[in-house]
Amino acid sequence: MTVLTVVGNPRAGSRTEAVAVAAAEAVAARLGASLPHELADLSALGPHLLAPAASPGVEAALGLVAEADVLVVASPTYKGTYTGLLKAFLDRLPPAALAGKTALPLLVMGDPKHALAVEVHLRPLLVELGATVPTPGLAFLESQLPDLEAVVSTWADRVAPQVRLPAAT
């Protein structure tokens, strides 16, 4: 089983990446997946996502999505939803590209008033692409960073039992 973390923050090495990696590792541990898991950091791909020509970096990231069984899809909360960078990347996927995969939505936010964005905005996009999306998604407040391990552990305990595992071959 492969776990992929997709980070839609335009800044490399972001808090979003740290939270997403911790969440992916917590879920992977509960599923018995071997580490390290894969990471698709979209920060370097921004200029290439809207270019008319194919980009090796974008194609490699799309390939990681195609091969993954479980995806942790993360973004900071911008204007009450996920980033345009993440949307531009996910728009490159063909219809039903996430069929048979489990996607776990995660948004990092500064204000709790945005907490529903993970379920109202990001979850429907992943479902539209065909993913099975267990609930709840993780709405992670920046103020929770000192408690990162406890927060993602509690969340992983809730969602890991809902993850659809790939059929044994």
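This is a predicted model: local features need pLDDT of at least 70, side-chain atom pairs count only at pLDDT 80 or more; totals for chains, interfaces and linings use all residues.
Residues are numbered from 1 along each chain as its sequence is written, and side-chain values use heavy atoms, without hydrogens or water. Local features need pLDDT of at least 70 and side-chain atom pairs count only at pLDDT 80 or more, while totals for chains, interfaces and linings use all residues.

**Exercise 1.** Describe the largest nonpolar core and the surroundings of Val6.

Step 1. A nonpolar core is a set of buried Ala, Val, Leu, Ile, Met, Phe, Trp, Tyr and Cys residues joined through side-chain atoms within 4.5 Å. Buried means under 20% relative accessible area, exposed over 50%, and partly exposed in between (1.4 Å probe, protein chains only).

Step 2. The largest such core has 33 residues, and Val6, Phe89, Leu90 and Leu126 have the most contacts inside it.

Step 3. With contact taken as heavy atoms within 4.5 Å, and neighbours within four places in sequence left aside, Val6 touches residues including Ala40, Val65, Leu86 and Phe89.

Step 4. Another core, of 28 residues, lies apart from the largest one; Val7 and Phe140 are among its members.

**Exercise 2.** Locate the salt bridge between Arg30 and Asp157 and state the exposure of both residues.

Step 1. A salt bridge requires a side-chain nitrogen of Lys or Arg within 4 Å of a carboxyl oxygen of Asp or Glu.

Step 2. For Arg30 and Asp157, the N to O distance is 2.5 Å.

Step 3. Arg30 is partly exposed at 34% relative accessible area, and Asp157 is partly exposed at 46%.
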